[in-house]
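Biologist: Could we go through the aromatic rings and the core together? I would like to begin with the terms.

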Amino acid sequence: MCFELTSQQLEKLKKAASIYQLPDISAIGEAGVIKLVARDKKNDTSNDFSIIVGETDSEFVFNFKEENLKIVPGSYDVVVSSKLLSRFINQNIDVTYFIALEPDSTFS
């Protein structure tokens with residue numbers, strides 16, 4: 001699964017996670033779209049913030065800890081593997097991050 005994450009989307013997502021004290025970022029594929037959601041996956045009543053970043057015909061929930069997304073600001077091409085690993089490739093500078101997903105991530 002891959003999608004593009006613009007610098008504006010990344011900034012909004014990280015700002016929302018900080019303001020609402022949300023520890024988790026999830027890439028969720030459902031109803032034909034890929035959403036990035038800042039949320040607290042252990043608290044169904046907490047605030048959340050989501051951004052649509054692409055389209056998909058798959059259903060998945062890939063979970064990251066927000067603290068693991070300490071990356072250089074910028075736009076990224078993101079590839080997420082069902083093997084619980086993601087790759088963030090910066091579009092403007094020669095920087096690539098490999099970020100592990102949480103074990104409760106699901107792909108169907």
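This is a predicted model: local features need pLDDT of at least 70, side-chain atom pairs count only at pLDDT 80 or more; totals for chains, interfaces and linings use all residues.

Biologist: Is Tyr76 buried or exposed, then?

Modeller: Tyr76 has a relative accessible area of 0%, so this residue is buried.

Biologist: How many aromatic pairs are there?

Modeller: The structure contains six aromatic pairs. One of them joins Phe62 and Phe107 in a stacked arrangement, with 6.0 Å centre to centre and 10° between the planes.

Biologist: Which strands do Phe62 and Phe107 lie in?

Modeller: Phe62 belongs to strand E5 (residues 60–65) and Phe107 to strand E9 (residues 106–107), so their pair ties together parts 45 residues apart in sequence. Phe62 is buried at 1% relative accessibility, whereas Phe107 is partly exposed at 45%.

Biologist: And what about Tyr76 and Tyr97?

Modeller: Tyr76 and Tyr97 form a tilted pair, 6.2 Å centre to centre with 55° between the planes. Tyr76 is in strand E6 (residues 76–81) and Tyr97 in strand E8 (residues 96–100), so this pair ties together parts 21 residues apart in sequence. Ring pairs also link both tyrosines with Phe64 and Phe88 into a cluster.

Biologist: Changing topic: which residues touch the most other members of the largest nonpolar core?

Modeller: They are Phe3, Leu5 and Phe88, out of 24 residues in that core. Among the elements that each supply at least two residues of this core are strand E1 (2–5) and helix H1 (7–19).

Biologist: What does Leu5 touch?

Modeller: Leaving aside residues up to four places away in sequence, the contacts of Leu5 include Leu10, Val53, Tyr76 and Phe88.

Methods:
Residues are numbered from 1 along each chain as its sequence is written. Side-chain values use heavy atoms; hydrogens and water are left out. Rings of Phe, Tyr and Trp (its six-membered ring) pair if their centres lie within 6.5 Å; planes under 30 degrees apart count as stacked, over 60 as edge-to-face and the rest as tilted. Helices (H or I, at least four residues) and strands (E, at least two) are DSSP runs, numbered from the N terminus. Buried means under 20% relative accessible area, exposed over 50%, partly exposed in between (1.4 Å probe, protein chains only). A nonpolar core is a set of buried Ala, Val, Leu, Ile, Met, Phe, Trp, Tyr and Cys residues joined through side-chain atoms within 4.5 Å. Contact means heavy atoms within 4.5 Å.
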